[in-house]
Amino acid sequence: MKINSEAFSWFQVPEDIKNLLILAAKNWENTAESEKYMQQALAKTEDNLEVLVAAYRYFYYKNNYLLALETAVKVINKIHNYENLPDDWQQLKPILVSRKENPSIRLYLTAYAASGLVLAKLGEIEQAKEISAKVKEVDDKKEFGGGLLLDILTRPAEEDEE
């Protein structure tokens with residue numbers, strides 16, 4: 001099958017990786033086949049952020065929440081290490097606030113919020129609340145969804161009408 005990877009010229013990965021990702025998309029209905037292509041792309045690129053983001057989306061929309069979470073955590077850790085971010089939240093928070101317009105930090109916050117969402121889907125509600133509360137603390141423009149997720153997770157159960 002000939003694939004026009006030029007249609008994705010903005011995607012900064014080698015042509016063979018683009019082709020694998022395109023094949024994963026084209027075979028979407030056949031999960032086993034499409035996942036094979038996605039796994040090949042991941043194996044060939046190790047921790048390329050663009051491929052990790054594509055893989056997160058793929059696994060999330062395929063409802064494979066364990067792999068989506070694993071992929072989101074890889075994105076978080078890669079940026080954490082690259083940016084030399086502190087582990088302690090009280091030290092990290094002001095850095096995130098002051099640099100949240102930086103593309104790398106935006107991706108970090110997006111992946112962190114995504115990990116909270118996936119944890120909620122997996123039933124890990126307390127962890128999801130903790131993450132979404134932290135994202136909300138630095139998200140004054142409500143761009144990353146932490147506040148929305150926290151509101152959903154802490155909303156009182158609706159009472160049954162009699």
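The model is predicted: local features need pLDDT of at least 70, side-chain atom pairs count only at pLDDT 80 or more, and totals for chains, interfaces and linings use all residues. Residues are numbered from 1 along each chain as its sequence is written, and side-chain values use heavy atoms, with hydrogens and water left out.

**Figure 1. The protein chain has eight helices and zero strands.** Helices (H or I, at least four residues) and strands (E, at least two) are DSSP runs, numbered from the N terminus. The order of the elements from the N terminus on is α-α-α-α-α-α-α-α. The C-alpha trace spans about 55 × 50 × 25 Å along its principal axes. Of the 162 residues, 43% count as buried; buried means under 20% relative accessible area, exposed over 50%, and partly exposed in between (1.4 Å probe, protein chains only). Among the contacts with a separation of 6 or more, 47% join residues 24 or more positions apart, where contact means heavy atoms within 4.5 Å.

**Figure 2. The second largest pocket has a volume of about 300 Å³.** Rolling a probe the size of a water molecule over the atoms shows where empty space is left. On a 1 Å grid over the protein atoms alone, a cavity is a set of points where a 1.4 Å probe fits but cannot get out, whereas a pocket is an open set with protein on both sides within 12 Å along at least five of seven lines; lining residues have an atom within 4 Å of a point. Grid points are joined across faces, edges and corners, and a volume is the space filled by probe spheres set on the points. The lining consists of 13 residues, and Tyr56, Arg57, Thr110, Ala111 and Ala114 lie nearest the centre of the pocket. Two or more lining residues come from each of α3 (49-61), α4 (65-82) and α6 (103-121). The largest share, six residues, belongs to α6. By type, the lining divides into eleven nonpolar residues, one polar and one charged; Ala, Val, Leu, Ile, Met, Phe, Trp, Tyr, Cys and Pro count as nonpolar, Asp, Glu, Lys and Arg as charged, and the others, Gly among them, as polar.

**Figure 3. Tyr56 and Tyr60 form a stacked aromatic pair.** A pair of aromatic rings is described by the distance of the centres and the angle of the planes. Rings of Phe, Tyr and Trp (its six-membered ring) pair if their centres lie within 6.5 Å; planes under 30 degrees apart count as stacked, over 60 as edge-to-face and the rest as tilted. The whole structure holds six aromatic pairs. The ring centres of Tyr56 and Tyr60 are 5.9 Å apart and their planes stand at 25°, so this pair is stacked. Because the two residues are four residues apart in helix α3, about one helical turn separates them. Tyr56 is buried, at a relative accessible area of 14%, and Tyr60 is buried too, at 15%. One aromatic cluster is formed by Tyr56, Tyr60, Tyr61 and Tyr65.

**Figure 4. The charged end of Lys62 sits over the ring of Trp28.** Its distance from the ring centre is 4.3 Å. A charge sits over a ring if NZ of Lys or CZ of Arg is within 6 Å of the ring centre and within 35 degrees of the ring normal. Lys36 likewise lies over the face of Tyr37, at 4.9 Å from the ring centre.

**Figure 5. Lys100 lies in the loop between α5 (89-99) and α6.** With 9% relative accessibility, Lys100 counts as buried. Not counting residues up to four places away in sequence, Lys100 touches Ile105, Arg106, Leu109, Val138 and Asp140.

**Figure 6. Leu107 is found in helix α6.** Leu107 is partly exposed, with a relative accessible area of 24%. Residues up to four places away in sequence aside, Leu107 touches Leu49, Val53, Val75 and Ile79.

**Figure 7. Asn84 has a positive phi of about 55° although it is not a glycine.** Most residues other than glycine have a negative phi, and most peptide bonds are trans. Asn84 is exposed, with a relative accessible area of 68%. Lys142 also has a positive phi of about 55° without being a glycine. Lys142 is placed in the loop between α7 (125-138) and α8 (146-154) and is exposed, at 74% relative accessible area.
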